[in-house]
Amino acid sequence: TIVGAETAASVIFAREITKDLDDSRIDRGYKWTLPLAWGEKPSRILAAVIIVAGLSMLTQVSPITLPAASISLIGVVLLVQDGNPNICRKYLDGGMALVILTLISFG
């Protein structure tokens, strides 16, 4: 569905922002990423907002995914609290993997 594609695109975009946060020291001087253009804190907030928006769109696909998606919310909280982007991404990936498994199993 269109909502499913929007959800996936949102989460992938936010995940890439967390990867750019992780790589910002390396990227400086030869790449132009959101963390370099806007700063770290605004990029963290943007990624968190996009993840929450994607997860809220997910409820339109199937409300049964909410327990699995809540794992991703741990990553959002850590991201906003200046947590390690790599750890935040692991929670995001884990939550979304459980969402996919839930959709396959019960969707």
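User: Start with Ile51. What does Ile51 touch?

Analyst: Ile51 touches Ala14, Val76 and Leu92, leaving out residues up to four places away in sequence. A contact here means heavy atoms within 4.5 Å. Bear in mind that this is a predicted model: local features need pLDDT of at least 70, side-chain atom pairs count only at pLDDT 80 or more, and totals for chains, interfaces and linings use all residues. Residues are numbered from 1 along each chain as its sequence is written, and side-chain values use heavy atoms, with hydrogens and water left out.

User: Fine. Which residues touch the most other members of the largest nonpolar core?

Analyst: Ile51, Leu55, Met96 and Val99 do, in a core of 18 residues. A nonpolar core is a set of buried Ala, Val, Leu, Ile, Met, Phe, Trp, Tyr and Cys residues joined through side-chain atoms within 4.5 Å. Buried means under 20% relative accessible area, exposed over 50%, and partly exposed in between (1.4 Å probe, protein chains only).

User: Which elements give two or more residues to this core?

Analyst: Helix H1 (2-27), helix H3 (40-61), helix H4 (66-80) and helix H5 (85-106). H3 gives the most, with six residues. Helices (H or I, at least four residues) and strands (E, at least two) are DSSP runs, numbered from the N terminus.

User: New topic. What volume does the largest pocket have?

Analyst: About 180 Å³. On a 1 Å grid over the protein atoms alone, a cavity is a set of points where a 1.4 Å probe fits but cannot get out, while a pocket is an open set with protein on both sides within 12 Å along at least five of seven lines; lining residues have an atom within 4 Å of a point. Grid points are joined across faces, edges and corners, and the volume is the space filled by probe spheres set on the points.

User: What classes make up the lining?

Analyst: 10 nonpolar, two polar and one charged. Ala, Val, Leu, Ile, Met, Phe, Trp, Tyr, Cys and Pro count as nonpolar, Asp, Glu, Lys and Arg as charged, and the others, Gly among them, as polar.

User: Now Ser24. Where is Ser24?

Analyst: In helix H1. Ser24 is buried, with a relative accessible area of 10%. Ser24 touches Pro35 and Leu36, again not counting residues up to four places away in sequence. A polar atom of the Ser24 side chain lies 3.2 Å from the backbone oxygen of Leu21.

User: Last one, Asp82. What is its phi?

Analyst: Near 65 degrees, a positive value in a residue other than glycine. Asp82 sits in the loop between H4 and H5. Asp82 is partly exposed, at 48% relative accessible area.

Conventions
Polar contact = N/O pair within 3.5 Å; in protein donor to acceptor, adjacent residues only side chain to side chain.
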